[in-house]
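Here is a short report for a first look at a protein model. Please keep the sequence and the 3D view open while reading.

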Amino acid sequence: MVNRLCGNVCYSFPSRTRHDVGENNVETKIFRCVSSTLVCFDRALELEPNNVQALILRADVYKELERNEEALDDYHRAIQLAPDRAEAYFHRGVVYERLGCHDRALQDYGRALEIDATLAQAYYNRGTIHAGLQQYERALADYTHAIQNDPKLEQAYVNRGGIYVALGQYERAVSDFTWAVQIDPDDALAYYNLGYIYFQRGKLREALPHFEKAAQLGDPDAPQYISQIRRRLRLSPAQDIHPIQLAFWAFERASSMRQMRRAVNEFPFMTDADFIQAAAQIVAQRVSPLSRSAFEQRLAWLRQIANEQK
């Protein structure tokens, strides 16, 4: 059976659009015109090379562009000039975490929190590293501090709930996942986790509606549990989900060319012109401007695969 209860417990910076908890959404808006932004910061730093704020902001742009070495250079300079800037340590930690330098990331998150103990995102990011290392008590402490400083940090509830499951503390896990879906009613993973807990404890009727909601929101594993529960409870089979809907959910989840190829292998009709056109229309009409670039990239991958098959 699939157990994905720990959610985004991984070392790389979260890439899912809905859960960009490690970053500031305000900054995302700043980076819409990245090229002109970099030119402005370059000019500002030519006039004032020790402008700490300009260094940090330019480093943030480099980080968004995954120009990691340039980002690190600017963060280093900013910290040398202003050792008390918590945000510089935090964002440098994000880059280190992305590069797999977990010890350095932990040091930077720790230093940021020494300067500003209210940085919920720093607690969250440090918690993901501790959880990935199976240092559960430390991870629990960090997620708890993150929630205390930002009670609406939904993914912290999901990840803390996953740790509670690993420790066999199911009631606490249910409480955290329940809080998570109250904050974000569209979190398929939290519904899946609730269903999984009830399923593992033999409470099939309690598990079923959570799996059904998770499937409705696009969770790929929930349908198998729905079928199994309905069979065991002798209920009528659920209406099958249309393959086109399943294919579009796979399209939405793809975060790399490799994942898109895997989706196409599962649903070969995704490379049909009609499917690509329909996906493009949905992206144009329903996806918010802040998320559109990620979906445009998915369309580019899909079109490339389609061209390769011609």
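## Basis of the model

This is a predicted model, in which local features need pLDDT of at least 70, side-chain atom pairs count only at pLDDT 80 or more, and totals for chains, interfaces and linings use all residues. Residues are numbered from 1 along each chain as its sequence is written, and side-chain values use heavy atoms, with hydrogens and water left out.

## The whole chain

The protein chain has 17 helices and zero strands. Helices (H or I, at least four residues) and strands (E, at least two) are DSSP runs, numbered from the N terminus. Of the 310 residues in the chain, 46% are buried. Buried means under 20% relative accessible area, exposed means over 50%, and partly exposed lies in between (1.4 Å probe, protein chains only).

The chain exposes about 16100 Å², and carbon and sulfur atoms supply 48% of that area. Accessible areas come from the Shrake-Rupley method with a 1.4 Å probe; for residues, only the protein chains shown count as cover. A contact means heavy atoms within 4.5 Å. Among contacts with a separation of 6 or more, 56% link residues 24 or more positions apart.

## Helix α9

Helix α9 covers residues 154–166. Its 13 residues reach 19 Å from first C-alpha to last, close to the 18 Å expected at 1.5 Å a residue. The expected span is 1.5 Å times one less than the number of residues.

α9 is mostly covered, with twelve of its 13 residues buried. Among them are Glu154, Tyr157, Asn159 and Val165. The buried residues of α9 pack against α7 (120–132), α8 (136–149), α10 and α11 (188–200).

Arg160 sits in α9. It counts as buried because its relative accessibility is 13%. Its side chain makes a polar contact of 2.7 Å with the side chain of Asp176. A polar contact is a pair of N or O atoms within 3.5 Å; within protein, one must be able to donate a hydrogen and the other to accept it, and residues adjacent in sequence count only if both atoms are side-chain atoms. Leaving out residues up to four places away in sequence, Arg160 touches Leu140, Tyr143, Thr144, Ile147 and Asp176.

After α9 comes Gly168, with a positive phi near 75 degrees. Gln169 lies in the loop between α9 and α10 (170–183). At 29% relative accessibility, Gln169 counts as partly exposed.

## Helices α11 and α13

α11 packs with α13 (residues 222–232) at an angle of about 35 degrees, and the axes are 11 Å apart. Axes are lines fitted to C-alpha atoms, for helices over the stretch in contact, and angles run from 0 to 180 degrees between N-to-C directions.

Which residues of α11 meet α13? They are Tyr192, Tyr196 and Phe199, and their partners in α13 are Ala222, Tyr225, Gln228, Ile229 and Arg232.

## Two loop residues with positive phi

Most residues other than glycine have a negative phi. Glu66 has a positive phi, near 60 degrees. Glu66 lies in the loop between α3 (52–64) and α4 (68–81), and counts as exposed at 57% relative accessibility.

Gln134 also has a positive phi, near 60 degrees. Gln134 is in the loop between α7 and α8. Its relative accessibility is 58%, so Gln134 counts as exposed.
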